[in-house]
Amino acid sequence: MKILVVEDSKKLQKSLRAGLRRLGYAVDIASDGEEGIAFATTGDYDVVVLDLMLPKKSGLEVLQEIRRSKQSPEILILSARDQTRDRITGLQQGADDYLVKPFAFDELHARIQALVRRRFNQKSPVISIGEIKIDTSLHIAYQGANCFPLTPTEMSILEYLALNRGRVISPDALLNQIYDSNSYSSKNAIEAHVSSLRKKLRLQGVTKLIETRRGFGYLIA
Amino acid sequence: MATTMRSLTKIITIWVILWVALFLAAGQIVIAGLVSNLLQDRFDTALESKTRALVTLTKFDGTEVELDFADEFMPEFEAPESPEYFELFLGDGSLLERSHSFSEYPASQFEDQTDEVWVSDLELPDGRAGRRVSIKFIPQIEDKNKALRETIAIENRPRAILQISRERESLDRTLIRFHLLIAGISILVLIAVMLSVTRAIKRGLEPLIQIKNDISQISPHTLDRRIATEGQPRELEPIATQFNLVLVEIEKALNREREFSSDVAHELRTPVSEIRSLAEVGLRWPDEKDIRSYFADIYDSSRQLDRVIENLLHLCRSEEGSIEVEINVIKLDELIEKVCQGLAEETAERDITIELPQTELPVILADAQWLELILQNLIFNAIAYSPNSATVTLIAVSDSDYCELKIENPMEDPLSSQDLDLIFKRFWRKDTARKTGRHAGIGLSLVKSYVKLMDLEVRATISNNHFCISLSGLKIA
């Protein structure tokens, strides 16, 4: 999952980037409104975490620009403005959620997860594929009592393919979803992670979960 | 206790209807009276004419009085239904003759009056209400008895009284019908007036109702709405215009309140968010590679929060008057130098030059602590809001009693004249994004508050992209 954080506080940028990356998200940071618009309208983000009081362009202007563009990320407003009127305005202008600062990091994470589920029309945090369960909330995959020992990147790949079940996902799309925009990773890295993921699944007796469509990408049928 | 809401439409309608009803009733009474009198006069005149006709038929032949009356000429005196009546009395009250219609009834009570003719109401022998005309006269002597007429003097001739009565119920019925007609017309007029008045009021009040509807649409969330002033009647246009002006002021005030509240929230919540978020992430992933920088950031944010809280407390204490002012003799040049030294780091960081006053500075009387804080804030602002490598100029103007200190700097982000009205407000900042840093928008509020404490004056002006703030009223020792 890829998240864009539009926030002018360097300290919040730092903590949000570190925390969300540790939870397996690819995180891009924009420090002002103009940068936020540039990132959000050209990148393919699942969730945008948006401050309202931003330099150059306000958060509401960023929100309007995103909604006018062809991109349709879920948008969570993260603001110190706590008045009902501010929340109503934000939600009416196209935001999907509103969280007031100061916030609990876990609550922010839970809200991002809810927005991701909404984005993929997934009511439950647990995706079942046959005997295999993928818990997008706890970031674990298991079969019966066996929990698969996956790395955060492998787990992210598995989650993304599971959320897009039935759709062929290209290595480029996976690369974009798994790594930050300024990362130097390549398609080869994706292939290596998918290969490692398959190997770990095979060891647990799970074969043929992830199919390869030559020249197109990967698929969980 | 709840009061009943009065309706203008109701009040105007009721009053108009009441007055119209009053006029109609008065008109009806006058017309009815006039018409009744007219009809009764006509009725009495006709009856009197008939009586006079019978009087001409009454003759005196020298010995007795005779009425030469023939029923066939006046059949109404013997008609079986609704007959008329006559009686001829002599002056002594003796009945000489009466109509056939009287034949079944006893003679009427003889009545004599001094007038020649008199009219009265009575109950006819057949029980109906009637009207009677009585004429007192001297019967004529026939023309053929010319000698007799000359012989008997008028005063020696007998007197006679002829009375003719007829029913008056037909007259009364006509009058009642007339009264009913007038009353009916009045009621119709009243209904027509009521309908037209209601319609006219409704039409007349339409603009007022429109204004009422417009106003009812305005709530604290829709203060940007306005009442239409175009097309309003002359009487309402000024009200609508004035109301719109008031709305503009209310909207401005409310927006200022909202902005203030948002600004306070931002200044207090942002450092708390930073501290909390850094702490949560740091505690959860203590192996984060730059974990040490988290401590520095937390420390920095807590200092920022501390500054905001400290400034707010100063402001509150100053405004509630719990800060004491101790007037001392202060060497102004030494104080300015001390403040500038304290800001040396900021000055060097932005490569700012501070140009001190060229004139000799006086010794003044002021509270050293608060004056130092005022100068610290003003000079710090001048440094912070100047472009890099700019010059901040301090100018002192003195007379024999007072000194004025001016601090002038070129503006990096130019202020407008409207901004000058806001710069002393708490938490106001030109930068609406409120970038984090040492500024919280309280400094000038504090200055204003300290200045007030010491009976000084502070004023801001803009000229040629230079911002100038002057501190006047510094009393020379």
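**Opening question**

Which residue stands opposite Tyr142(A) in S8(A)? The residue standing opposite is Lys133(A), and the sections below show where this pair sits.

**Reading this model**

This is a predicted model, in which local features need pLDDT of at least 70, side-chain atom pairs count only at pLDDT 80 or more, and totals for chains, interfaces and linings use all residues. Residues are numbered from 1 along each chain as its sequence is written, while chains are lettered from A and ligands numbered from 1 in the order in which they are written.

**Chain A at a glance**

Chain A holds 8 helices and 11 strands. Both kinds of element are DSSP runs numbered from the N terminus, with helices (H or I) having at least four residues and strands (E) at least two. Of the 221 residues in chain A, 42% are buried. A residue counts as buried if 20 or more other C-beta atoms lie within 10 Å of its own, as exposed if 12 or fewer do, and as partly exposed in between, with C-beta atoms placed from the backbone.

Now for contacts: two residues are in contact if their C-beta atoms, placed from the backbone, lie within 7 Å. Looking at contacts in chain A between residues at least 6 apart in sequence, 55% join residues at least 24 apart.

**A four-stranded sheet in chain A**

In chain A, 4 strands form an open sheet with antiparallel pairing, in the order S6-S7-S8-S9. Two strands pair if DSSP finds at least two bridges between them. Strand S6 (126-129) and strand S9 (146-147) of chain A are the edge strands, each pairing on one side only.

Here we meet the opening pair again. Strand S7 (residues 132-135) of chain A pairs with S8(A) in the antiparallel sense over 4 bridges, and Lys133(A) stands opposite Tyr142(A). The two strands form a hairpin with 4 residues between them, and His139(A) in the turn has a positive phi of about 55 degrees. Next along, strand S8 (residues 140-143) of chain A is joined to S9(A) by 2 bridges, again antiparallel. Tyr142(A) has Cys147(A) as its bridge partner in S9(A), and Gln143(A) has Asn146(A). S8(A) and S9(A) also make a hairpin, with 2 residues between them, and Gly144(A) in its turn has a positive phi of about 60 degrees.

**A loop residue: Val206(A)**

Val206(A) lies in the loop between helix H8 (187-203) and strand S10 (211-213) of chain A. Is Val206(A) buried or partly exposed? Val206(A) is partly exposed, because 19 other C-beta atoms lie within 10 Å. Leaving aside neighbours within four places in sequence, Val206(A) is in contact with Ile132(A), Gln143(A) and Leu201(A). The C-alpha atoms of Val206(A) and Ile132(A) are separated by 8.5 Å, although the two residues are 74 apart along the chain.

**Two nonpolar cores**

A nonpolar core is a set of buried Ala, Val, Leu, Ile, Met, Phe, Trp, Tyr and Cys residues joined through C-beta atoms within 7 Å. The largest one has 66 residues, of which Ile3(A), Val48(A), Val49(A) and Leu50(A) touch the most other members. Helix H6 (residues 152-163) of chain A supplies the largest share of this core, 7 residues. A second, separate core of 36 residues includes Leu361(B), Leu375(B), Val447(B) and Leu474(B).

**Strands and a helix in chain B**

Strand S14 (residues 466-476) of chain B is joined by 2 antiparallel bridges to strand S10 (residues 363-366) of chain B, where Ile364(B) stands opposite Ile476(B). Strand S12 (residues 402-410) of chain B pairs with S14(B) over 8 bridges in the antiparallel sense; Ile407(B) has Ile469(B) as its bridge partner there. Strand S13 (residues 457-463) of chain B pairs with S14(B) over 7 bridges, also antiparallel, and S13(B) and S14(B) form a hairpin with 2 residues between them.

Helix H8 (residues 368-384) of chain B has 17 residues. Among the buried residues of H8(B) are Trp370(B), Leu371(B), Ile374(B), Leu375(B) and Leu378(B).

**Where the chains meet**

The contact takes 22 residues from chain A and 25 residues from chain B. On the side of chain A that touches chain B, helix H1 (residues 10-22) of chain A gives the most, with 8 residues.

Technical notes. Expected span 1.5 Å × (residues − 1).
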